[in-house]
Amino acid sequence: MQQGFGRGRSGFLTEEEKLDRPQVTAALIKRILSYLAPYWKQLALVLLAILLATVLRLLPAILTGRIIDEGLIGRDLGRLALLIGLSVGVTLLSNLVGLLESYLNTWVAQHITFNMRNRMFRHLLGMGQRFFTTNRQGDLITRMTSDIQGVQQVIAGTFTSIVSNALTLVVAAAAMYQRNWILATVGLVIVPLFTLPTRRAGKARWTLTREAQERQDEINGILNETLSVSGQLLVKLFGREAYEAARYEEANRQMVRLNIRQSMAGRWFRLVLGTFSSIGPMLIYLVGGVLMMRYDAGLTVGDITVLVTLLSRMYGPVNALMNMQVDWIRSMALFTRIFEYFDLPREVTNTPDAITPQSMKGDIRFEGVSFSYDGERDILKDISFSLSNGRTVAIVGPSGAGKSTIISLLLRLFDVTAGRITVDGTDIRKLDLNFLRENIGLVTQDTYLFNASIRDNLLYARPGANQAELEDACIKANIHDSIKALPRGYDTQVGNRGLKLSGGEKQRLSIARVLLKDPVVTVFDEATSSLDSISESLIQQAVRPMLDQRTSIVIAHRLSTVLAADEILVLKEGRIVQRGAHSALLQQGGLYRQLYETQFSLSQEGEAGAEEGWQG
Ligand code: ATP
């Protein structure tokens, strides 16, 4: 938790974000194209529409020359009206084609990102536990929302804008040369001068964009951490409001500075562009005038006007294309970041030949299992035990001994580092993941409930269950009466993470959820937190039958639970140091006796029927 609240950003993305620019390789382009490929027909239509709109948009400029020469200077009113009508008609048409183009554009962009978003979500759902414990939620959400949103803008904006601007330049230049090559060359000489300041401005903007993105991630992180249910509680409990507010304010202040700098970067260079763009037309008037008056080059006033108009139409696209360089790099960075996520290997996967047996019997064996989270420190060392159908194993041990890790390995939230775990004789790495997890029900200490109704939370375990089945499970879990007593019964909203329910109610609801799922194996991570004795005994009454009837593994903190187990494993620093039945272990002394004296006997007070069991 502490780490999550620290300032340092964790995970591999930080390393990536340090890179200045994305590497644009053929492979990257190919990969981007693979997302566009399914829509090549629509994209071809977009290109066609762009081409048509570009030509149509330039036509009125060319018609202006004829309006001047034939209509105004030629003093022909009929012709003037016709040309004006034509010009207006063409403008209308080009706008209509533009409309079609932006519709097609948006459609394609939306569909491409629709697919990308779904793929990303599915990919993230399949990521291992480690991924979620090492990545901040804020980063994941940014990737899922603003980055993919960015892709949509890239496709609908950057890509089409590059094509459309480049086309405008080509068509306008061709039309200018067709009029008069000298004037066209004079006009175009100005254009390459624009490229000079672009590189520096582009770089400055790029760095700022990157920084702004990091700052934004940080701000999102702070918001996610402090405004989450558990985060805000932590802030309150440690009285860190002022600290968090200051931290947020600082990040916010930096963001403001960055945003201002980002928006100003490149302005000075636009200023240069602006100046150049007014010099261009003047040069054409001057050279055109000289050519027309001194050299009688066959130029008309209309021609000169057309050239000036066409030139003025070029500045926009040149300007846009110059800025496009930054957009382009930014887009490539966006794709690179998204692909990085897609490329994260799934730690735990179904092998292609994964087996899905008809049913699970529930014979579980751990054979010399060792495990390390970080590849350095072994959390579990040479764990072996077996559990046959219908029996119960209790795992006890001090905090941090590795009890929960055993459960995580059985559920394949992580894969073992050495040894193997088998279910009914098959290595679980060869079993279909869904099959494995469907047949194992887990009641954790920290009950996770969705912010929905009690009914919906229950149905998550078995979507098709009817009311009678829901109630049956809730009766067995000793929660039915409590639910019935609520004004809205099963339709009661549980609140964010189920916070509107008491700890005991949540546990019982989670037991009901597992009963409803009706798995072959149940795993019960008994809450260490002390509940009042009524809650405690309600839970015990619910759990007992579950443990008696099923293959179960219990991380036990209560005497009564230990007593109900067929075998007790005493875990210390990742090793099983003692094993056996309660009375034998107690006679042995050692860690078990210590635990009994410190932990279990404390829990005795809350356990009505436990005393006699223990004495017997
Ligand atoms: P408790 O009774 O307090 O829940 P436990 O016996 O269940 O403890 P585990 O949760 O299995 O212990 O943790 C064993 C060790 O593994 C601890 O030292 C813990 O720091 C470490 N650990 C647990 N989860 C992770 C993880 N996701 N990444 C890295 N280390 C972890």
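User: What are the ground rules for the model?
Analyst: This is a predicted model, in which local features need pLDDT of at least 70 and side-chain atom pairs count only at pLDDT 80 or more, while totals for chains, interfaces and linings use all residues. Residues are numbered from 1 along each chain as its sequence is written, and side-chain values use heavy atoms, with hydrogens and water left out.

User: Why is serine 408 called buried?
Analyst: Buried means under 20% relative accessible area (exposed is over 50%, partly exposed in between; 1.4 Å probe, protein chains only). Serine 408 has 13%, so the label buried applies. Serine 408 sits in helix α14 (residues 403-410). Helices (H or I, at least four residues) and strands (E, at least two) are DSSP runs, numbered from the N terminus.

User: Which residues does serine 408 touch?
Analyst: Leu413 and Phe414, leaving aside residues up to four places away in sequence. Contact means heavy atoms within 4.5 Å. Glutamine 129 is 279 residues apart from serine 408 along the chain, and their C-alpha atoms are separated by 9.1 Å.

User: How do you know that the span of helix α19 agrees with its length?
Analyst: The expected span is 1.5 Å times one less than the number of residues. For the 15 residues of α19 (residues 503-517) that gives 21 Å, and the end C-alpha atoms are 21 Å apart, so the two agree.

User: What makes α19 mostly covered?
Analyst: Twelve of its 15 residues are buried. Among them are Gly504, Lys506, Arg508 and Leu509. Just after α19, aspartate 518 takes a positive phi of about 55°.

User: Why are α17 and α19 called oblique?
Analyst: Axes are lines fitted to C-alpha atoms, for helices over the stretch in contact, and angles run from 0 to 180 degrees between N-to-C directions. Under 35 degrees counts as roughly parallel, over 145 as roughly antiparallel, 65 to 115 as roughly perpendicular, and the rest as oblique. Helix α17 (residues 467-476) meets α19 at about 125°, with axes 8 Å apart. The pair is therefore oblique. Glu469, Leu470, Ala473, Cys474 and Lys476 of α17 make the contact with Ala512, Leu515 and Leu516 of α19.

User: What makes α5 and α7 roughly antiparallel?
Analyst: Helix α5 (residues 77-125) and helix α7 (residues 137-179) pack at about 155°, their axes 9 Å apart. They are therefore roughly antiparallel. The contact includes Ile112, Met116 and Phe121 of α5, and Ile148, Val151 and Ile155 of α7.

User: Why is strand β8 called largely enclosed?
Analyst: Five of the five residues of β8 (residues 551-555) are buried, so the strand is largely enclosed by the rest of the structure. Thr551, Ile553 and Ile555 lie on one side, Ser552 and Val554 on the other.

User: How do you know which strands pair with β8?
Analyst: Two strands pair if DSSP finds at least two bridges between them. Strand β3 (residues 392-396) is joined to β8 by four bridges and runs parallel. Strand β7 (residues 521-525) pairs with β8 over five bridges, also parallel. Isoleucine 553 stands opposite valine 393 and is the bridge partner of valine 523.

User: What makes β2 and β5 edge strands?
Analyst: The open sheet of four strands has the order β2-β1-β4-β5, with antiparallel pairing. β2 (378-387) and β5 (426-427) each have a single partner strand, so one side of each lacks a neighbour in the sheet. Strands β1 (residues 364-372) and β4 (residues 418-423) pair over five bridges. Glutamate 367 has arginine 420 in β4 as its bridge partner.
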